[in-house]
Amino acid sequence: MKAKFLVPLALFVLLAGFLAYGLTLNPREVPSPLVDKPAPAFSLARLDQPDQRLDLEQMRGKVWLLNVWASWCVACRQEHPFLVELSRRDIVPIIGLNYKEVRGDGEIDARGMALDAETALAVQRARGWLQAHGDPYTWSVLDIDGRVGIDYGVYGVPETFLIDRNGVIRYKHIGPIHDAVFRDVLLPKIEELTRAG
Amino acid sequence: MPVEFRTGAWLRPLRGLAVVVSLLVSGVAIAESVPGPNAQSAMPAAEDAALEARVKAFAYNLRCLVCQNETIADSRAPLALDLREQVREQFAAGKSESEVRDFMVSRYGDFVLYSPPLKASTLVLWFGPALLLVAGGAWLAYRLRSRQREQAPQLSDEERERARALLKGSQPNSEESRT
């Protein structure tokens, strides 16, 4: 009876607790249903040799990163020095998925552009960007129309997938990778998957 | 594997509204799709108004991942355009609405659906408010009943006599009178 006045207080504390927890969550990070599922198959033209294709199957047996990037993506520029540094450490191969290089750039009107011309422009732009900022990728592939991006549930650039030897997606990072997230999250997973061999 | 039930029977009137709205909107879209210098060639002209209406109506149920409070029918984000194009192509290829819904959910998760599916992890979401209402109603009923009990005091004959005297305005007992 005497403690009755505590009831609203307790309710308030409970509600405040929920709200405080909510503040720590990032609504932009939508958990991917693809984690622990087989990576969607793709076969895309390579940036270094557009007449050759890279298939998902070619990566079987390796633990690797699939990094979604584009030259128009500002956050990629922020992430890029870390990727270049990571590629020098020779820990994990990085495959670049160049996402909608031309038509994703808000400053280019790609409507009505023939696919050949768009591909040529994409190659030129992407190569130029990698020459300027360094190329951390074992290979980059061209997702001109963003369809492979949709298959991977990409909704922003950059995004990075960790894929295991059997071609199963093990982790998805949304936004730029930086030192801390690599050391604390990705590296332990990579080591574990490599050991699991 | 969580069991999914068909949900949203009571949302059906809303869905009807969405269809009406989308028909209106697509009417405007058709009016605008007359080829002109600004016609978008990236998006095939609406050859089939019925298909277009279906795409629109369906797109109102999907959330845009980029601008999270908009449907992919409303959003102008490039991803929303791409996803609308996917819906259009798959409908044109004869896929059913549930097949296209599965396609979206398998890539973007339940988040892409505006009406969340009923499964173990969303039970609180679906039934929490009703439970709170029932609990509140039960608490209110309990309070009202116990108050009623308190408000019907049993008076002895003596107390009743005293009360009557007080109401008349005279002091029944000399020992309580003022000095």
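Okay, one definition before anything else: when I say partly exposed, I mean a relative accessible area between the two cut-offs, buried being under 20% and exposed over 50%. And keep in mind that this is a predicted model.

So, take Asp48(A). Its relative accessible area is 41%, so Asp48(A) goes down as partly exposed. It pairs up with Arg46(A) in a salt bridge, with the closest N and O atoms 3.0 Å apart. And the partner? Arg46(A) comes out at 10%, so that one is buried.

That's one pair. How many salt bridges does a search of the whole structure find over all chains? The count is 19.

Let me pick out two that involve chain B. In one of them, Lys100(A) bridges to Asp82(B), and the closest N and O atoms sit 2.5 Å apart. This pair crosses between chains: Lys100(A) is in the loop between strand S4 (94-99) and helix H3 (115-133) of chain A, while Asp82(B) is in helix H3 of chain B, residues 78-92.

Arg147(A) is partly exposed at 34%, and Glu89(B) is partly exposed at 33%. While we're on salt bridges, there's also a network: Asp36(A), Asp164(A) and Arg170(A) are linked through shared partners.

Asp143(A), in strand S5 of chain A (residues 139-143), is buried and has no salt bridge. Which side chain of opposite charge is nearest to Asp143(A)? That's Arg147(A), 7.4 Å away, and the cut-off for a salt bridge is 4 Å. What the Asp143(A) side chain does reach is the backbone nitrogen of Gly146(A), at 3.3 Å. Setting aside neighbours within four places in sequence, the contacts of Asp143(A) include Leu44(A), Leu97(A), Tyr99(A) and Val148(A). Lys100(A), from the chain-crossing pair, is another of those contacts.

Last stop, the surface. Phe5(A), Leu6(A), Leu9(A), Phe12(A) and Val13(A) make a nonpolar patch of about 540 Å². Phe5(A) lies in the segment before helix H1 (6-24) of chain A, and with 62% relative accessibility it counts as exposed.

That's my tour.

Technical notes:
Residues are numbered from 1 along each chain as its sequence is written. Chains are lettered from A and ligands numbered from 1 in the order in which they are written. This is a predicted model: local features need pLDDT of at least 70, side-chain atom pairs count only at pLDDT 80 or more; totals for chains, interfaces and linings use all residues. Side-chain values use heavy atoms; hydrogens and water are left out. Helices (H or I, at least four residues) and strands (E, at least two) are DSSP runs, numbered from the N terminus. Buried means under 20% relative accessible area, exposed over 50%, partly exposed in between (1.4 Å probe, protein chains only). Lys and Arg count as positive and Asp and Glu as negative; His and the chain ends are not counted. A polar contact is a pair of N or O atoms within 3.5 Å; within protein, one must be able to donate a hydrogen and the other to accept it, and residues adjacent in sequence count only if both atoms are side-chain atoms. Contact means heavy atoms within 4.5 Å. Patches are made of residues with over 30% relative accessible area and no salt bridge: like charges are joined within 9 Å, nonpolar side chains (Val, Leu, Ile, Met, Phe, Trp, Tyr) within 5 Å. Accessible areas come from the Shrake-Rupley method with a 1.4 Å probe; for residues, only the protein chains shown count as cover.
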